[in-house]
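Student: I have a model open and would like to learn how to read its features. Where should I start?

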Amino acid sequence: MKRLVFLFTMAVLAGGVLSAQTADAECRKMHDAATNSEIETFTVNGVAFKMVKVAGGTFQMGATSEQGSDAYDDEYPVHSVTLSDYYIGQTQVTQELWEAVMGSNPSYFKDDNQRPVENVSWNYCQEFIEKLNRLTGKNFRLPTEAEWEYAARGGNKSKGYKYSGSNDADAVAWYEKNSGSKTQPVETKQSNELGLYDMSGNVWEWCQDWYDDYTSHSQSNPKEANIGSNRVLRGGSWYSFARIVRVSFRIHYSPDCRFNDYGLRLAL
Ligand SMILES: [Ca+2]
């Protein structure tokens with residue numbers, strides 16, 4: 001009897017060890033699926049940066065219900081947009097990366113090169129991207145406005161938050177209330193559903209598109225309007241009220257404009 005109990009105990013223990021190993025492997029797989037396998041690392045002049053794969057899908061762009069009465073007129077009408085897969089920067093372009101490519105740093109807040117680069121116009125961003133592409137042989141670009149918003153909303157992992165990754169601006173964004181009136185190093189707030197940092201707040205992010213009014217038509221991979229006078233910026237900054245760092249808020253300025261809260265995030 002004793003021996004039987006012993007064998008039984010050993011069998012249960014062995015089973016436990018086996019299932020623990022299976023669970024470990026399962027956890028590892030899930031972890032990899034959520035992180036490494038969807039992230040590509042690129043290096044330019046010794047500086048590494050990460051691009052996160054965004055699986056395409058269809059989403060409602062504009063002032064959806066969670067935006068409530070904070071939404072402005074130009075966030076309407078809400079319309080359906082379908083996007084193919086693309087990559088987007090895990091963080092805003094840092095001063096370290098900008099300097100590795102351009103050999104200089106135009107930023108106003110300079111004491112830490114992990115702060116996002118700012119004080120860059122849309123035109124200057126295009127120069128940066130052109131040079132980056134020459135150095136890497138890739139086709140980096142700015143995200144379209146639709147790609148920016150889909151990624152900010154968490155893509156097909158979206159939980160429908162008002163800000164990128166939370167309904168609490170403080171959890172995910174450096175903005176007027178918590179920034180100390182300056183940029184903050186990237187990746188120091190919680191990420192959103194896709195593992196992207198600072199899509200709400202820190203610095204505004206230039207999009208590829210000319211600014212245009214929304215229409216109610218469904219769109220597929222919308223590209224920039226043919227003509228316009230202003231380029232779109234998204235996400236708000238260290239200087240913005242919470243209402244401005246919402247996922248659907250939009251502003252637009254001349255492509256020559258630069259301020260100490262205008263920066264960028266790459267797409268591919
Ligand atoms: Ca931002």
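Tutor: This is a predicted model. Start with a pair of packed helices: the crossing of H2 and H3 is left-handed.

Student: What describes two packed helices?

Tutor: Two packed helices are described by the angle between their axes and the distance between the axes. Here the axes of H2 (residues 95-102) and H3 (residues 122-136) come within 9 Å and cross at roughly 70°. H2 is therefore roughly perpendicular to H3.

Student: Which residues make the contact of H2 and H3?

Tutor: From H2, Trp-98, Val-101 and Met-102 take part, and from H3, Phe-128, Lys-131, Leu-132 and Leu-135. Sorted by class, the contact has six nonpolar residues, no polar ones and one charged residue.

Student: How many residues does the largest nonpolar core have?

Tutor: That core has 57 residues, and those with the most contacts inside it are Val-54, Ile-88, Cys-125, Ala-151 and Trp-206. H3 gives the largest share, six residues. As for Cys-125, leaving aside residues up to four places away in sequence, it touches Val-120, Leu-142, Trp-206 and Leu-264.

Student: Is helix H4 mostly covered or mostly open?

Tutor: H4 (residues 145-152) is mostly covered, with eight of its eight residues buried. Among them are Glu-145, Glu-147 and Glu-149, as well as Trp-148 and Tyr-150.

Student: What do the buried residues of H4 pack against?

Tutor: They pack against strands, including E2 (47-54), E3 (57-61), E6 (204-210) and E8 (231-234). After H4 comes Gly-154, with a positive phi near 90°.

Student: Next, the backbone. Which residues other than glycine have a positive phi?

Tutor: One of them is Asn-202, with phi near 70°. Asn-202 sits in the loop between H5 (169-172) and E6. Another is Asn-221, whose phi is about 45°. Asn-221 belongs to the loop between E7 (219-220) and E8.

Student: Why does Asn-202 count as buried?

Tutor: A residue is buried if 20 or more other C-beta atoms lie within 10 Å of its own. Asn-202 counts as buried because it has 32 C-beta neighbours inside 10 Å. Asn-221 has 13 such neighbours, so it counts as partly exposed.

Student: And peptide bonds: is the one from Tyr-76 to Pro-77 cis or trans?

Tutor: For a peptide bond, look at omega. The bond from Tyr-76 to Pro-77 is cis, with omega near -10°. Pro-77 lies in the loop between E3 and E4.

Conventions
Residues numbered from 1 in each chain as written. Predicted model: local features only at pLDDT ≥ 70, side-chain atom pairs only at ≥ 80, totals over all residues. Buried ≥ 20, exposed ≤ 12 C-beta atoms within 10 Å, placed from the backbone. Helix = DSSP H or I, 4+ residues; strand = E, 2+ residues; numbered from the N terminus. Contact = placed C-beta atoms within 7 Å. Axes fitted to C-alpha atoms, helices over the stretch in contact; angles between N-to-C directions. Parallel < 35°, antiparallel > 145°, perpendicular 65-115°, else oblique. Left-handed = near helix turned anticlockwise from the far one by under 90°. Nonpolar A, V, L, I, M, F, W, Y, C, P; charged D, E, K, R; others polar. Core = buried A, V, L, I, M, F, W, Y, C linked by C-beta atoms within 7 Å.
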